[in-house]
Amino acid sequence: MSLSLIGIIFVQGYWIQKTVENNKEQFDSNAKQILISVSSKIEYREFEDIYYPLKEILDSIDEPDNKTIQQLLDISIDRGSYTFADGVLEEDNKLFSSFVNFNIDTAKVKKILNRNVEVKNEEEEKNPIKSKSKSKLERLSELTDMQRRDFEIVIDELANFTPIHRRVKKEEIRKLLEKELTERDIEVNFEYAIYSNSLATRVRSDDFSLDSSGTYGIPLFVNEEGSSMYQLYVNFVDTNQYILSTIKGMTILSVIFTLIIVVAYSSALSQLLQQRQISQIKTDFINNMTHELKTPIATINLALDAIKNPKTQENSEKVKRYMDMIREENKRMLAQVENVLRISQLEKNELNIKKERLEMHDIVEDAVTHVSLIVENREGYIKTHLGALQSTILANDNHMTNVVVNMLDNAIKYSEGPPKIDIYTENVKNSIVLKVRDQGVGMSKIAQKKIFDKFFREHTGDLHNVKGHGLGLTYVKRIIDDHHGQIWVESERGKGSTFIIKLPLIS
């Protein structure tokens, strides 16, 4: 059973761990897809921003020359506002030379533009009206793969002359990331930045850190050769908290159900141990009761056999002695049975205890007379120190007397030599405190906690040097509780014990 419970807990922990790992992999995949989508949308937006002005220029000329390329460069550098010079720009040798300095392939650009101009002219010749009436979106969507590729090459060549902070805005990146996260139902904060060959650019959020563990990157503005000088990095903040939140509900339920199983198992195990303890206690009780009853039965049998002897019958004093012995042993057995019945009645609340005004000092004096002969026979003493000025209580005379007798009997039993017992009373506020102190063997700390439990007797090995069945102090505790009082014990091994009772006074 224990191994099964440990196995269940292990499986639950393993399942949670694997779920976290799977969700982490899923988040990594989503993060990469988000960056790919954002990068594609930025590149597509830039393509549109340059394509339409470029298309307008191409539609207005027959063949692009150096002046046209110069104008295209002008558009690329200032495409943020898309303002164009009036008329045709004159050739600027210095500006054109800058193309060469920036390693732009002008011949390639001219070839591509001329090819697209030829395609445009062919379309106009076939259907001039329809060609002029097309919208920008229609023209863009009708581009063939070859045409689009050509324009991408040209636009990439032109865009490279524009600073990155003008090619893409911080607000654009933020809105695209927020949109992608919302569509995937991912609630995490993020920081972002664009780097150029491992160098930070102006396009970045305030708290971005490249060294963060939750940073993902992707190339931005990839050219036809598959390389890029820019990288878009996004740092998703608190990803671990998000991943854990995705399984929070199932984890909580799993923990709750596991705790229920653990509690149920613990309760069953506790009850099993308790039943085992009760079984052991009952066994000890039966053994003790058997011993307690066996002795008086044997004594009675011996007394009867002695009485049957003709010589004994002739001696009236011996007969009387044996008869008294039989009577005392019979009372002893009856007392044992009565104690068991009292406990049973108390547990079923069937013991009818009628209370009346009594003097605690009178009860103590009466109890002392019950055990005085036993103490004298063992050459001991009982001294009373009745210091309480008030001793009136509401109690049952018979049961309260039995309580004090049981406490005195307990003190006598656990005194190895002559019993030396002192009884004290004192007033504490509106209560009377009764203390019964002996100089016996004392008891351990563990025994002090269990001394009032039913059937409990501190183990002394297999010796039956102390007679009893473990019910006397349980009966005492039940009676004191019924009288709204308190009882406890103070003891030390080898130095005796002090039983203390505290009962409320009445006026």
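Q: Which strands does helix 17 (residues 472–482) lie across, and at about what angle does it run to strand 10?
A: This is a predicted model, in which local features need pLDDT of at least 70 and side-chain atom pairs count only at pLDDT 80 or more, whereas totals for chains, interfaces and linings use all residues. Residues are numbered from 1 along each chain as its sequence is written, and side-chain values use heavy atoms, with hydrogens and water left out. Helices (DSSP runs of H or I, at least four residues) and strands (DSSP runs of E, at least two) are numbered from the N terminus, while angles run from 0 to 180 degrees between the N-to-C directions of axes, which are lines fitted to C-alpha atoms, for helices over the stretch in contact, where contact means heavy atoms within 4.5 Å. Helix 17 lies across strand 10 and strand 11, and it runs to strand 10 at about 140°.

Q: Which are the edge strands of the open sheet of five strands?
A: This open sheet has the order 6-8-9-11-10, with mixed pairing, and two strands pair if DSSP finds at least two bridges between them. The edge strands each pair on one side only, and they are strand 6 (381–386) and strand 10 (486–492).

Q: In strand 8, what is the bridge partner of Ile382?
A: Strand 6 and strand 8 are paired in the parallel sense, with six bridges. Within strand 8, the residue bridged to Ile382 is Ile421.

Q: At which residue does helix 14 bend?
A: Helix 14 (residues 360–377) reaches 27 Å from its first C-alpha to its last, close to the 26 Å expected for its 18 residues at 1.5 Å a residue; the expected span is 1.5 Å times one less than the number of residues. It lies across strand 6, strand 8, strand 9 (431–437) and strand 11 (496–504), running at about 170° to strand 6. A bend is the angle between axes fitted to the seven residues ending at a residue and the seven starting there, and in helix 14 a bend of about 45° falls at Val371.

Q: Which residues of helix 14 are buried?
A: A residue is buried under 20% relative accessible area, exposed over 50% and partly exposed in between, using a 1.4 Å probe and protein chains only. In helix 14, the buried residues are Met360, His361, Ile363, Val364, Ala367, Val368, Val371 and Val375.

Q: Why is one side of strand 2 (199–204) and of strand 3 (215–220) left without a neighbour in the sheet?
A: Four strands form an open antiparallel sheet in the order 2-1-4-3. Strand 2 and strand 3 stand at its edges, so one side of each lacks a neighbour because each has a single partner strand.

Q: Which strands does helix 9 (residues 170–183) touch as it packs on the sheet?
A: Strand 1 (residues 189–196) and strand 4 (residues 230–237) pair in the antiparallel sense over eight bridges, and Tyr192 has Val234 in strand 4 as its bridge partner. Helix 9 packs on this sheet with its direction at about 135° to that of strand 1, and the strands it touches are strand 1, strand 2 and strand 4.

Q: Which residue in the turn between strand 1 and strand 2 has a positive phi?
A: These two strands pair in the antiparallel sense over three bridges, with Ser196 opposite Leu199 in strand 2. They form a hairpin with two residues between them, and the turn residue with a positive phi, about 50°, is Asn197.

Q: Which side chain is joined to that of Glu180 by a polar contact of 2.5 Å?
A: Glu180 is found in helix 9 and, at 3% relative accessibility, counts as buried. A polar contact is a pair of N or O atoms within 3.5 Å; within protein, one must be able to donate a hydrogen and the other to accept it, and residues adjacent in sequence count only if both atoms are side-chain atoms. The side chain of Glu180 makes such a contact with that of Lys41 at 2.8 Å, while its partner at 2.5 Å is the side chain of Arg184.

Q: How far apart are the C-alpha atoms of Ser415 and Gly440?
A: Ser415 lies in the loop between helix 15 (397–413) and strand 8 (420–428) and, at 5% relative accessibility, counts as buried. Its side chain reaches the backbone oxygen of Ala411 at 2.7 Å, and, neighbours within four places in sequence aside, Ser415 is in contact with Arg378, Asp438 and Gly440. Although Ser415 and Gly440 are 25 residues apart along the chain, their C-alpha atoms are separated by 4.0 Å.
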